[in-house]
Amino acid sequence: MARDDFYASPFGVAYSAYMDRPRLSRLIAWAVWGGDIRPYYDSMNAVAEVGEGGTIVDCPCGAGPALRALRHDAEVRYVAADLSRSMIRRAEKRAQTRGLANVEFVEANATDIPLASGSADLFLSFWGLHCFEDPAAAVAEAARVLKPGGRLVGSCFVRGSDTLRQRLLVRPGSGDFGQVGTQPEIEALLAGAGLELSSMERSGPMLFFDAHGSSAG
Ligand SMILES: C[S@@+](CC[C@H](N)C(=O)[O-])C[C@H]1O[C@@H](n2cnc3c(N)ncnc32)[C@H](O)[C@@H]1O
């Protein structure tokens with residue numbers, strides 16, 4: 001099924017709604033995944049740390065939950081990209097509701113983002129790597145788009161969790177899961193793209209990471 005169709009589904013509607021409600025999302029994450037999703041919402045603070053004139057790429061942006069971290073008067077370029085038109089439409093609506101006129105929306109594959117190399121200060125990669133058919137190519141593309149020393153903040157589901165529930169639920173090819181890697185595999189993807197980890201933590205099958213490109217350029 002095409003990704004657009006998948007996120008146009010009732011699942012996509014429900015997902016888009018609860019991800020923009022941190023308390024509900026936290027409850028769902030505990031109940032379904034047995035983990036703490038708070039680092040995801042906390043890590044969105046990286047958006048506010050980008051200085052005037054900076055560029056932020058949010059891919060996949062989904063329905064735009066990370067827009068909550070963007071001030072309407074922030075003088076930054078915020079590019080929200082996703083393969084799903086229905087998700088982009090929801091994100092556009094969310095930006096309107098929040099009074100954000102400083103967001104550009106792009107329908108794009110995470111492996112082919114229409115931005116110049118070395119143009120972004122911050123790349124947000126929330127809950128995308130486990131959906132992608134080619135996560136290595138997506139990480140390489142994020143590294144290409146980042147400025148030397150630029151920051152990648154993200155999260156994804158990983159295999160190799162301890163509980164039976166997680167082994168049953170996190171299955172490559174089911175639902176929106178594509179190639180789901182293990183934590184060491186994600187670490188290797190980041191290192192392979194020349195990104196250095198600043199921090200990585202896992203809660204249940206949820207992995208949260210903060211990395212940066214080499215400042216040598
Ligand atoms: C689980 S959602 C995450 C969305 C959002 N970042 C969030 O925090 O809720 C996964 C998103 O990945 C998008 N997606 C899947 N494959 C993609 C690809 N190859 N390129 C870009 N976006 C893709 C889907 O359309 C969906 O919006």
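Me: What kinds of residues make up the shell around the ligand?
Reply: The shell divides into twelve nonpolar, four polar and three charged residues. Nonpolar here covers Ala, Val, Leu, Ile, Met, Phe, Trp, Tyr, Cys and Pro; Asp, Glu, Lys and Arg count as charged, and the others, Gly among them, as polar. The model is predicted: local features need pLDDT of at least 70 and side-chain atom pairs count only at pLDDT 80 or more, while totals for chains, interfaces and linings use all residues. Residues are numbered from 1 along each chain as its sequence is written.

Me: Which ones come nearest to the ligand?
Reply: P60, G62, S84, A110 and F126, out of 19 residues around the ligand. To be near, a residue needs its C-beta atom, placed from the backbone, within 6 Å of the molecule.

Me: Where is P60 placed?
Reply: P60 is in the loop between β1 (55-58) and β2 (77-82). A cis peptide bond joins P60 to C59, with omega about 5°. Most peptide bonds are trans. Strands are DSSP runs of E of at least two residues and helices are runs of H or I of at least four, numbered from the N terminus.

Me: And W127, what is its phi?
Reply: W127 has a positive phi of about 55°, although it is not a glycine. It lies in the loop between β4 (120-126) and α6 (135-145).

Me: Why is W127 called partly exposed?
Reply: Because 19 other C-beta atoms lie within 10 Å of W127. Buried takes 20 or more other C-beta atoms within 10 Å, exposed 12 or fewer, and partly exposed is in between, with C-beta atoms placed from the backbone.

Me: Switching to the sheet. In what order do the strands run?
Reply: The seven strands form an open, mixed sheet in the order β3-β2-β1-β4-β5-β7-β6. Two strands pair if DSSP finds at least two bridges between them.

Me: How many bridges join β6 to β7?
Reply: Eight, and the two strands run antiparallel, with β7 spanning residues 206-213. L197 has A211 as its bridge partner in β7, and S203 stands opposite M206. The hairpin of β6 and β7 has two residues between the strands, and G204 there takes a positive phi near 60°.

Me: How many bridges does β5 make to β7?
Reply: Seven, again antiparallel. G154 has F209 as its bridge partner in β7. As for cover, six of the eight residues in β7 are buried.

Me: Is L152 buried or exposed?
Reply: Buried, because L152 has 27 C-beta neighbours inside 10 Å. L152 is found in β5 (residues 146-157).

Me: What does L152 touch?
Reply: Leaving out residues up to four places away in sequence, L152 touches F123, S125, A142, L146, L195, A211 and H212. Contact means C-beta atoms, placed from the backbone, within 7 Å.

Me: Which residues have the most contacts inside the largest nonpolar core?
Reply: I56, V57, A91 and F123, in a core of 64 residues. Such a core is a set of buried Ala, Val, Leu, Ile, Met, Phe, Trp, Tyr and Cys residues joined through C-beta atoms within 7 Å. Beyond four places in sequence, the contacts of I56 include V47, V50, V76 and Y78.

Methods:
Two residues are in contact if their C-beta atoms, placed from the backbone, lie within 7 Å.
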